[in-house]
Amino acid sequence: MAPDVSPYLVAASLAGLAGGLALLVRGLAAYRSGARVAGIGSSAIATMAAGEVRVDGVVEPVAVTLVSPLQSAPCVYYRARIAEQSGGGGEERAVLDEERAVGFAVRDTTGRVRVFPRGATWSVPADLDERTGIAGDEPPGLRPNRGAGTAAVLPLDREAQIAALLTVRPAGTGLEDVGGTDGFGGGLFGGSTALGPGGTWGAGGRRRYFEARLEPGDPVTVVGYAIPYGQLPEEAAEGSDPAGLGGLHGTALAESLADPEIAADMAEAQAEGTLLSGPEEAWGNAAIPGFGIGRPVSIPELDPAARPLPLAEPAAARETAETFEIAPETLVVAEGPNIPLVIYAGTPAEATTREQWRFVVGLVGALLAIGSAVLLALALGGSIGS
Amino acid sequence: MELNVAGVFAVSLVLMTVVFIVFVTYNAVVALRQRIDKAWANVDVALKQRHDELPTLVTAVRNLMSYEQAVLEEVTRLRAAYSPDAPIRRQAETSEATSAAIRSLFAVVEKYPQIRAGHNVLDLQDEIERLEGIIADRRELYNDQVYRYNTTIRSVPAVFLAPLFGWGPREFFAADPAEVDRPSVNLRA
């Protein structure tokens, strides 16, 4: 190495090399993903056959939605990250790095299919990608969730939706009402103590806020494995149970229970008192369909002092039953054997274009890596930067 | 010396990228061929189901229809012409003609309230209409897969691999309009 090599040039070359290679790897992955999504035709949901499928339509929530942490938007999937940079442009530290999803449905013009997203790969562009300003002011659009992380899906009230759409709300960062102590208010965002005057972040360095999510009504393209619900592996169904209450009707578990030997063992365990006789005894009110979302289909047993929940109307009860009791022969989309589940925001054309664009960026990354390698070689050889 | 290393690195990176693209493209085309076969198998299943349902419908309405025996005979003849081993174009022609004959039969059945009053016939009609819908959707999906495959093997980079691996275009499930044997039905009879 030349004795007077510029360390800045070497560092810049190494950074370019690493960044370029990272972009290339991401681009090649996108090429593969794009080839897959472009290589499958969309099936009509009503008549799709079992096996590898692509369905596209709009997202419909099932029973519950998540509430995104940075913009408080109801969604079925989010990836949120807050990275804080220490003063003087130092290293970034992740304050929050979270990815969550719940089961949802896709509706097209022919029908509706449930998607069990356990193990899915998501391709969702950012809804928020902002930094705090130089003066420490928070970016517009930041509306931290200070309440529960999930919300029940309520029956559509057309009039209320129209009224909500027509209501003009003043623009704001959502930080005006800081000071809560539950949810993120007391945890991640530290309540009012972490905020300076005017609801801005005081101490600490600049923050970068990133959030990508899939909301009800968003167009979506799902490539995965269509399988009768009754044959869905137990763990795939469990991972996406919308409210944590659904049973595994007609599954391998149910088949196991029909085995005489297993049934005898279970009867013995129940006689000994080590196994309860049913979900009602084990879970109490939580076994009532709709209880967890405030719409029980039968009267729960409550303490006399407790506020009784109103029973669901017949239509709501029917919807609840459809939500929690999926017929074993109903096709659902999940991860399959050697068939990964990939969920893309947008129409198939948008998904393909996004992946192709990432591939192009990856090729630019390759050029950057090559250029950086040449620069590094020249710097180390003493031709430049000395 | 350092420049040589950088050159080797650049060439290696380009080669690795090209090899990866060839590898992914090969796998993508193989997957496309598999999907076409699967889509065809799904069409075939629906055609077979319709083939199995038709005799029940014909038997159910035969004794109640007085004058339109020709329509029933046409449905029966076209059902017998179904051959899962025939070339795809021939199967498409037979399938389209069968669908047309079934539509004619349903149009005739509308004239007979005593037939429509029978739940059995209505159920059969619903089932066959459901199967017709499935056949139409799956045929569309099959043709979509063939279109994607044929487009891919004619596009870069698969066009360079196609001669090496003997990838030729696949046939659409579509009948030549001139070849479709459409039944004529006199609805005034």
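Student: Okay, what share of the residues of chain B count as buried?
Tutor: This is a predicted model, and in it 29% of the 189 residues of chain B count as buried.

Student: And how many helices and strands does chain B have?
Tutor: Six helices and zero strands. Going along the sequence, the pattern reads α-α-α-α-α-α.

Student: What about contacts in chain B with a separation of 6 or more: what percentage comes from residues 24 or more positions apart?
Tutor: Such pairs make up 81% of those contacts.

Student: Switching topic: what is the mean pLDDT of chain B?
Tutor: The mean is 84, with 87% of the residues at 70 or more.

Student: Now the interface. How many residues of chain A are in contact with chain B?
Tutor: 20 residues of chain A, and they meet 25 residues of chain B. On the chain A side, helix 1 (7-38) and helix 8 (348-381) are the elements giving two or more residues. Helix 8 of chain A has the largest share, eight residues.

Student: Which classes are those chain A residues?
Tutor: The side of chain A that touches chain B has 13 nonpolar, six polar and one charged.

Student: And what ipTM does the predictor give the complex?
Tutor: An ipTM of 0.76, along with a pTM of 0.72.

Technical notes. Residues are numbered from 1 along each chain as its sequence is written. Chains are lettered from A and ligands numbered from 1 in the order in which they are written. This is a predicted model: local features need pLDDT of at least 70, side-chain atom pairs count only at pLDDT 80 or more; totals for chains, interfaces and linings use all residues. Two residues are in contact if their C-beta atoms, placed from the backbone, lie within 7 Å. Helices (H or I, at least four residues) and strands (E, at least two) are DSSP runs, numbered from the N terminus. Ala, Val, Leu, Ile, Met, Phe, Trp, Tyr, Cys and Pro count as nonpolar, Asp, Glu, Lys and Arg as charged, and the others, Gly among them, as polar. A residue is buried if 20 or more other C-beta atoms lie within 10 Å of its own, exposed if 12 or fewer, and partly exposed in between; C-beta atoms are placed from the backbone. pLDDT is the predictor's confidence in each residue, from 0 to 100.
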